[in-house]
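Welcome, and please take a look at the model below. The report that follows walks through its helices, its cores and a few individual residues.

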Amino acid sequence: MFINNVTSGGAIPLLEKTLAFAEARNRVLATNIANITTPGYRAKQLDLAGFQKALAQASEQRDRGGSFELPTTNQFRQDDVGMLKVTPTEEPAENVLFQDGTNARIESQMSQLAENTLMNQVSTELLKGYYDGMGKAIRGRA
């Protein structure tokens, strides 16, 4: 029970969910970029702002004594064992569809990919710091 409290407290669950979301979003963005010239392809999205809002709600719920559980939306949910499951939705066209029926611009997709990469990198470094600190505590080093 003690180990469960250590690994499910603090920022660890938030960082783990953020990494899972970043991984899923990276797959969606890579698919969008790979299909940028496919006629009729409609880009998909995972709403970053919606995920961050759900993460804040789950954190507040845990702080009030509840469990850490993301609220279910049309894009993501937690399964029975707490794993993040995502369902990308079609990205709305910024203005009008292009001549070939697509709705994605490479500049926008690359910008989102760079933003997602930074989110993944920061979350990974923070999570590594938490686990390194636990390892030092277990070994009895300061």
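Q109 counts as buried because its relative accessibility is 0%, where buried means under 20% relative accessible area, exposed over 50% and partly exposed in between, with a 1.4 Å probe and protein chains only. Q109 sits in helix α4. Leaving aside neighbours within four places in sequence, Q109 is in contact with L29, N32, I33, I36, A43, E91 and A104; contact here means heavy atoms within 4.5 Å.

A word on the ground rules: this is a predicted model, in which local features need pLDDT of at least 70 and side-chain atom pairs count only at pLDDT 80 or more, while totals for chains, interfaces and linings use all residues. Residues are numbered from 1 along each chain as its sequence is written, and side-chain values use heavy atoms, with hydrogens and water left out.

**The chain as a whole**

The chain has 4 helices and 4 strands, arranged along the sequence as α-α-β-α-β-β-β-α. These elements are DSSP runs numbered from the N terminus: helices are H or I of at least four residues, and strands are E of at least two. Of the 142 residues, 32% count as buried. Among contacts between residues at least 6 apart in sequence, 66% join residues at least 24 apart. The chain exposes about 8900 Å², and carbon and sulfur atoms supply 55% of that area; the areas come from the Shrake-Rupley method with a 1.4 Å probe, and for residues only the protein chains shown count as cover.

**Helix α4**

How far apart are the end C-alpha atoms of helix α4? They are 49 Å apart, which agrees with the 50 Å that the 34 residues of α4 (residues 106-139) should span at 1.5 Å a residue. The expected span is 1.5 Å times one less than the number of residues in the helix. Just after α4, G140 takes a positive phi of about 80°.

**Helix α3**

Helix α3 (residues 48-63) has 16 residues and reaches 22 Å from its first C-alpha to its last, close to the 22 Å expected at 1.5 Å a residue. Its buried residues are L48, F51, A54, L55, A58, S59 and R62. They cover an arc of only 140° around the axis, which puts them on the same side of α3; the arc is that of the directions from the helix axis to the C-beta atoms. An α-helix has 3.6 residues a turn, so residues three or four places apart point the same way.

The buried residues of α3 pack against α2 (12-34), β2 (76-78), β3 and α4. The face turned away from the buried side carries the exposed residues K53 and D63. At the start of α3, a side-chain oxygen of D47 reaches to within 3.4 Å of the backbone nitrogen of A49. After α3 comes G65, whose phi is positive, near 105°.

A58 is a handy example from this helix. A58 counts as buried because its relative accessibility is 0%. Leaving aside neighbours within four places in sequence, A58 is in contact with S67, F68, E69 and L70.

**The nonpolar cores**

A nonpolar core is a set of buried Ala, Val, Leu, Ile, Met, Phe, Trp, Tyr and Cys residues joined through side-chain atoms within 4.5 Å. Which of the 15 residues in the largest nonpolar core touch the most other members? They are F21, F51, L70, F76 and L84. Helices α2 and α3 each supply at least two residues of this core, and the largest share, 5 residues, comes from α3. A second, separate core of 5 residues includes I12, L19, L127 and M134.

L84 is placed in strand β3 (residues 84-86). With 14% relative accessibility, L84 counts as buried. Not counting residues up to four places away in sequence, L84 touches K17, A20, F21, F51, L70, F76 and R77.

**Pairs across the sequence**

T38 lies in the loop between α2 and β1 (44-45), and T38 is partly exposed, with a relative accessible area of 31%.

| Pair | Separation along the chain | C-alpha to C-alpha distance |
|---|---|---|
| L84 and E16 | 68 residues | 9.6 Å |
| A58 and P71 | 13 residues | 7.0 Å |
| T38 and T102 | 64 residues | 7.6 Å |

Definitions and conventions: Polar contact = N/O pair within 3.5 Å; in protein donor to acceptor, adjacent residues only side chain to side chain.
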